[in-house]
Amino acid sequence: MDSQGGPYLNKRALCSPLGAARLCQLAMGCAVIAMVTHSAGYSGSQGVFCMAAWCFCFAMSVMVFFLDATRLYSCLPVSWDNLTVTGAAFAALMYVTASVVYPLFFVRSECPYAGCDVLHFRIAVTVCSILGTLAYGAEVALCRARPGQTVVGYMATVSGLLKVVQGFVACIIFGALANGSEFYRYAGTVYCVVVYAFCFALTALVIIMTVCGQTKAVRCMSFDRFVVVCTLLQVLLYLSASVVWPVFCFDTKYGTPWRPSSCPQGKCPWDSKIVVAVFSFANFGLYVADLVYSQRLRFVTSHMPTISRA
């Protein structure tokens with residue numbers, strides 16, 4: 001018993017829908033890592049990414065479950081609700097990516113040279129990875145703020161969750177840029193890279209401020225107004241990058257609109273440029289949606305007191 005007369009362990013960490021979701025995350029993560037290391041195997045950059053994603057998410061889930069069960073999260077100088085929903089959303093995205101990449105590169109219709117048992121293990125890994133994705137998605141759904149409910153933390157809102165997706169998409173863009181995209185050849189593409197980096201830094205800043213409970217650090221304006229201003233700036237910058245990047249990569253003056261036949265599979269600069277272009281438009285759409293929800297969130301928070309007084 002603690003000084004307040006309550007139990008040391010948090011029973012809700014086990015006996016609640018949220019606790020059940022986290023236990024499923026641990027079970028699926030443990031199963032995936034065990035099967036991959038036992039027989040399924042992995043190789044190449046794609047396999048390393050999948051294994052790193054599963055291990056990272058499993059380690060994070062162990063830490064979250066332990067801190068929640070022991071109530072030790074109260075000793076951390078962070079907003080626990082914002083931290084956990086951010087971690088769950090990021091883990092769900094990592095699991096989704098691994099659940100697509102792993103079967104795409106390692107599951108074939110015919111048995112590999114190591115035998116059909118390896119194929120069966122790889123199929124089982126894919127299934128468990130999908131179940132892990134659903135478990136992390138369930139945690140996000142359980143923690144997400146809903147209309148008519150008190151908002152526990154900004155990251156539980158649609159705008160906060162969109163911030164996590166934006167950061168993840170930006171990481172995909174950076175990966176494509178590093179994979180022989182040749183962005184340094186033209187000033188226009190270099191400008192786009194600066195835009196991607198700056199917008200990612202702004203998104204990371206908002207997330208870090210929220211998780212660390214420093215939403216009052218902006219003294220010249222409220223935090224919700226700061227989020228709207230940042231998001232509007234990101235929308236304008238991404239709009240320009242989404243136009244400039246295709247021009248300097250696929251116009252006949254600078255490149256080619258068609259994939260060169262001599263380009264090697266997996267190491268073709270044209271492929272990387274396509275990935276950057278597609279995810280630039282995707283992130284632009286995410287920032288537009290974020291701007292809409294951020295403005296809506298600002299409107300509700302700023303007008304609720306007036307309504308209550310009436």
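1. A contact is a pair of heavy atoms within 4.5 Å. In this chain, residues 24 or more positions apart account for 74% of the contacts with a separation of 6 or more. The structure is a predicted model, in which local features need pLDDT of at least 70, side-chain atom pairs count only at pLDDT 80 or more, and totals for chains, interfaces and linings use all residues. Residues are numbered from 1 along each chain as its sequence is written, and side-chain values use heavy atoms, with hydrogens and water left out.

2. The chain has eight helices and zero strands, and its elements run α-α-α-α-α-α-α-α from the N terminus on. Helices (H or I, at least four residues) and strands (E, at least two) are DSSP runs, numbered from the N terminus.

3. Of the 310 residues in the chain, 40% are buried. Here buried means under 20% relative accessible area, exposed means over 50%, and partly exposed lies in between (1.4 Å probe, protein chains only).

4. Helix 1 has a number of buried residues, among them G19, A21, R22, Q25, L26 and M28. The cover over the buried residues of helix 1 includes helix 2, helix 3 and helix 4. Just after helix 1, G41 takes a positive phi of about 75 degrees.

5. The count of salt bridges comes to three, where a salt bridge is a side-chain nitrogen of Lys or Arg within 4 Å of a carboxyl oxygen of Asp or Glu. In one of them D68 pairs with R22, and the closest N and O atoms are 2.8 Å apart. Because D68 lies in helix 2 and R22 in helix 1, this pair ties together parts that are 46 residues apart in sequence. D68 is buried, with a relative accessible area of 10%, and R22 is buried as well, with a relative accessible area of 5%.

6. R22 also forms a salt bridge with E139, the closest N and O atoms being 3.2 Å apart. This pair links distant parts of the chain, with E139 in helix 4 and R22 in helix 1, 117 residues apart. Both E139 and R22 are buried.

7. K163 and D290 form a salt bridge whose closest N and O atoms are 2.3 Å apart. K163 lies in helix 5 and D290 in helix 8, so the pair ties together parts that are 127 residues apart in sequence. K163 and D290 are buried. Salt bridges that share partners join R22, D68 and E139 into one network.

8. Which residues lie nearest the centre of the largest pocket? They are Q46, I172, G175, A176 and N179, out of 21 lining residues. Helix 2 (44-70), helix 3 (80-106), helix 5 (158-178) and helix 8 (269-309) each give two or more residues to this lining. Helix 5 gives the most, with five residues. The volume of the largest pocket is about 940 Å³. On a 1 Å grid over the protein atoms alone, a pocket is an open set of points with protein on both sides within 12 Å along at least five of seven lines, whereas a cavity is a set of points where a 1.4 Å probe fits but cannot get out; lining residues have an atom within 4 Å of a point. Grid points are joined across faces, edges and corners, and a volume is the space filled by probe spheres set on the points.

9. The structure holds one cavity of 30 Å³ or more, and the largest cavity has a volume of about 50 Å³. Its lining includes R22, Q25, M60, Y136 and E139. Helix 1 (17-40), helix 2, helix 3 and helix 4 each give two or more residues to that lining.

10. R71 has a positive phi of about 65 degrees although it is not a glycine. Most residues other than glycine have a negative phi. R71 is placed in the loop between helix 2 and helix 3 and, at 30% relative accessibility, counts as partly exposed.

11. R225 is found in helix 7 (residues 223-250) and is partly exposed, with a relative accessible area of 48%. The C-alpha atoms of R225 and S294 are separated by 8.5 Å, although these residues are 69 residues apart along the chain.
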